[in-house]
Amino acid sequence: MPNEFQEAVKEKVKEIQQEVYIKDDLLEKIVGLLLSLRDGKFPSKRPPRGLLFYGPPGTGKTLLMKTLAKKLGLSEPIIIRGPEIISQYYGKSEQRLRQVFALAKERAEEENLAIIFIDELDSLAPRRDLTKGELEPRLVGQLLSLMDGLEREVSKGHVIVIGSTNRPEALDPALRRPGRFDLEIEFDPPDVDERKEILKIILNNYVKDRYENVNFDEIAEQTVGFTGADLLQLVNEALLQAALKGREKINHNDLLRAKNVVKPSALREFYLEKPKDRSNELPSEIVDKIKRLAQEFISHQSFRSILIQRELWHQADKIASTIAYYVSNDLHCPYIVARATWFRSRWFGETERSIRKLFEKIKRLQPCVIYIKGLDAIANPKDEHIHGAILEITSYLDEFRENSMKVLLISSVIQEVDNTTREFFVEL
Ligand SMILES: Nc1ncnc2c1ncn2[C@@H]1O[C@H](COP(=O)(O)OP(=O)(O)O)[C@@H](O)[C@H]1O
Ligand SMILES: [Mg+2]
């Protein structure tokens with residue numbers, strides 16, 4: 001890529017990131033592709049016809065579509081929503097699709113590039129083998145033939161279709177063959193750094209000057225498992241609570257308190273985080289221990305588990321992150337963070353089943369470092385409702401130990417854990 005072009009892409013990426021925070025590399029890929037098509041500089045003769053944004057709800061797919069439409073300097077973006085095509089244009093859905101493509105072709109001739117955004121693509125183009133309706137299979141067929149009919153020579157301008165979905169597996173597989181949605185972009189739930197950026201966007205763009213004294217780092221750290229949409233909800237809840245108390249501005253504590261109300265809706269069993277070296281925030285005797293434990297795991301690479309005692313609860317995240325940092329520097333392994341309280345949440349249904357799901361996934365990810373926060377939420381001797389959970393956990397720990405799995409499990413506790421569980425851990 002010529003330098004000037006690269007600069008232009010970077011600049012556009014920065015501009016977009018003021019409204020929706022998507023990782024640099026992903027966004028550069030998307031923007032680079034679209035700008036090079038717009039400027040007739042696409043390096044190959046066969047640019048993609050379709051781009052698929054997929055990932056869990058609330059990760060910014062729709063917002064990115066809208067932002068791209070606004071920021072790419074194309075006249076009037078063409079955005080359609082899958083459900084709308086089906087209901088609003090009922091009986092004329094296929095015709096509507098044809099119109100949209102015809103309009104895009106016209107545009108492309110004038111502006112070199114036209115983008116058709118299809119939000120919630122899965123409702124328009126579900127797997128044909130699984131749908132009962134007769135409209136959907138016809139629509140899938142129509143969309144496929146329209147996409148296949150798109151010019152692939154860039155000379156006459158280019159039409160690209162960007163689709164988004166929370167359920168890529170629900171899409172008709174024919175859409176994902178080469179020549180259709182050629183390029184798939186996965187949207188992950190945000191990690192701690194991304195959550196910080198998203199929070200800034202939400203506060204600066206939506207809340208504006210009605211906030212004060214917010215420690216972004218801390219809120220980002222405290223919201224493991226939150227998607228962008230969850231963060232938006234967190235902020236709204238804080239605004240509401242402050243308003244009820246007659247205050248105009250929200251502050252740090254309002255946000256922390258709102259966390260008791262807003263649960264991460266995209267609750268998944270775990271999140272991958274990027275571990276950070278936080279040794280400079282910890283007492284040196286703890287850092288020494290951490291280094292030893294990390295080194296020990298690196299050289300043996302068989303199951304180890306560390307329990308961070310309740311006295312260290314407030315430093316537990318830093319400790320876990322630092323251990324994971326040392327280990328993953330050497331082993332290049334993932335760092336998984338889970339909150340034990342999730343397993344008790346109604347979103348998850350049964351506690352035991354969700355624990356099983358987590359540990360089964362860990363098996364497939366080894367070597368890995370996993371940090372379970374507040375383990376006593378599912379292994380507290382005083383809580384009889386969770387006896388089954390304790391059995392489930394200890395049987396996995398047993399299995400991991402027996403089979404010398406390459407898993408380093410770190411846990412922290414607020415109160416205490418039952419003795420059977422405790423036996424598996426080295427205490428810190
Ligand atoms: N990556 C992000 N950056 C900034 N805001 C975000 C991000 N992800 C989600 N949000 C917030 O959550 C809202 C809902 O996200 P949305 O784009 O509808 O998610 P999706 O389409 O992936 O389900 C957005 O309007 C925005 O306020
Ligand atoms: Mg969406």
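Tutor: Domain bounds, as used here, come from an automatic or database domain assignment. The model under discussion is predicted.

Student: How far apart are the centres of domain 2 and domain 3?

Tutor: The protein is divided into domain 1 (3–186), domain 2 (192–258) and domain 3 (271–427). Taken over C-alpha atoms, the separation between the centres of domain 2 and domain 3 is 28 Å.

Student: Are α8 and α10 parallel, perpendicular or oblique to each other?

Tutor: The axes of helix α8 (residues 192–207) and helix α10 (residues 228–244) come within 10 Å and cross at roughly 45 degrees. Angles under 35 degrees count as roughly parallel, and those from 65 to 115 as roughly perpendicular. The relation of α8 to α10 is therefore oblique.

Student: How many residues of the contact of α8 with α10 are nonpolar?

Tutor: α8 passes α10 in a right-handed crossing. To this contact α8 brings Arg195, Ile198, Leu199, Ile202, Leu203, Tyr206 and Val207, while α10 brings Gly228, Leu231, Leu232, Val235 and Leu239. One residue of the contact is charged and one is polar, and the number of nonpolar residues is 10.

Terms used. Residues numbered from 1 in each chain as written. Chains lettered and ligands numbered in written order. Predicted model: local features only at pLDDT ≥ 70, side-chain atom pairs only at ≥ 80, totals over all residues. Heavy atoms only, no water. Axes fitted to C-alpha atoms, helices over the stretch in contact; angles between N-to-C directions. Helix = DSSP H or I, 4+ residues; strand = E, 2+ residues; numbered from the N terminus. Parallel < 35°, antiparallel > 145°, perpendicular 65-115°, else oblique. Left-handed = near helix turned anticlockwise from the far one by under 90°. Contact = heavy atoms within 4.5 Å. Nonpolar A, V, L, I, M, F, W, Y, C, P; charged D, E, K, R; others polar.
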